[in-house]
Amino acid sequence: MSFRKRQRGLSFLGLVTLVAILGFASVIGLKLIPIYMDSWKIDKIMNTVISDPDVDQQSRNEVVQSMLKRLDIDAVDAVNYSNYKESMRVTKEKNKTQIHIFYRVETPLIGNLYLVAEFDKNVNS
């Protein structure tokens, strides 16, 4: 009976530990949300460009410019005019168009620790 009376819930040390873990998890979540929002925007743009009925008749450069304009309008920083040659590849074979985007995003977490996310996206007409 006396043992049951002494157990009254979470101790102060347990509460501090719980708050620290939740705080760290929320910092990571807040850092990753913008990265994944950009990823979803890129998915949407790639699907919009590839679903254009005229995409198979457009030149490779026209497809790239269409992608870049839409990425600029949606304020996507991961793939832009300065790095698209390394990140984006458009191939055309027998009236089929393929858009491939590979990019890596690094965001500072705490001090010299970084969160790194790599994305490899591919769509075909």
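## Sheet

In this predicted model, His-100 stands opposite Asn-122 in β3. Helices (H or I, at least four residues) and strands (E, at least two) are DSSP runs, numbered from the N terminus. Strands β2 and β3 pair in the antiparallel sense over 12 bridges; two strands count as paired if DSSP finds at least two bridges between them.

The open sheet has 3 strands in the order β1-β2-β3, with antiparallel pairing. Because β1 and β3 are at the edges, each with a single partner strand, one side of each has no neighbour in the sheet. From one strand to the next, the twist averages 10°.

## Basis of the model

Residues are numbered from 1 along each chain as its sequence is written, and side-chain values use heavy atoms, with hydrogens and water left out. The model is predicted: local features need pLDDT of at least 70, side-chain atom pairs count only at pLDDT 80 or more, and totals for chains, interfaces and linings use all residues.

## Helices on the sheet

Helix α2 lies across β2 and β3 and runs at about 165° to β2. Helix α3 lies across β1 and β2, at about 145° to β1. Axes are lines fitted to C-alpha atoms, for helices over the stretch in contact (heavy atoms within 4.5 Å). Angles run from 0 to 180 degrees between N-to-C directions.

## Nonpolar core

A nonpolar core is a set of buried Ala, Val, Leu, Ile, Met, Phe, Trp, Tyr and Cys residues joined through side-chain atoms within 4.5 Å. The largest one has 25 residues, and Met-88 is one of those with the most contacts inside it. Two or more residues each come from α2, α3 (60-73), β1 (88-93), β2 and β3. The largest share, 6 residues, is given by α2.

Apart from its neighbours within four places in sequence, Met-88 is in contact with Met-67, Leu-68, Leu-71, Val-79, His-100 and Ile-101.

## Aromatic cluster

Rings of Phe, Tyr and Trp (its six-membered ring) pair if their centres lie within 6.5 Å; planes under 30 degrees apart are stacked, over 60 edge-to-face, and the rest tilted. The whole structure holds 2 aromatic pairs. Tyr-36 and Phe-119 are edge-to-face, 5.4 Å centre to centre with 80° between the planes. This pair links helix α2 (residues 12-50) to strand β3 (residues 113-124), its members being 83 residues apart.

Phe-119 is buried, with a relative accessible area of 9%. Tyr-103 and Phe-119 are stacked, at 5.0 Å and 25°. Tyr-36, Tyr-103 and Phe-119 form one aromatic cluster. Tyr-103 is buried at 3%, whereas Tyr-36 is partly exposed at 36%. Buried means under 20% relative accessible area, exposed over 50%, and partly exposed in between (1.4 Å probe, protein chains only).
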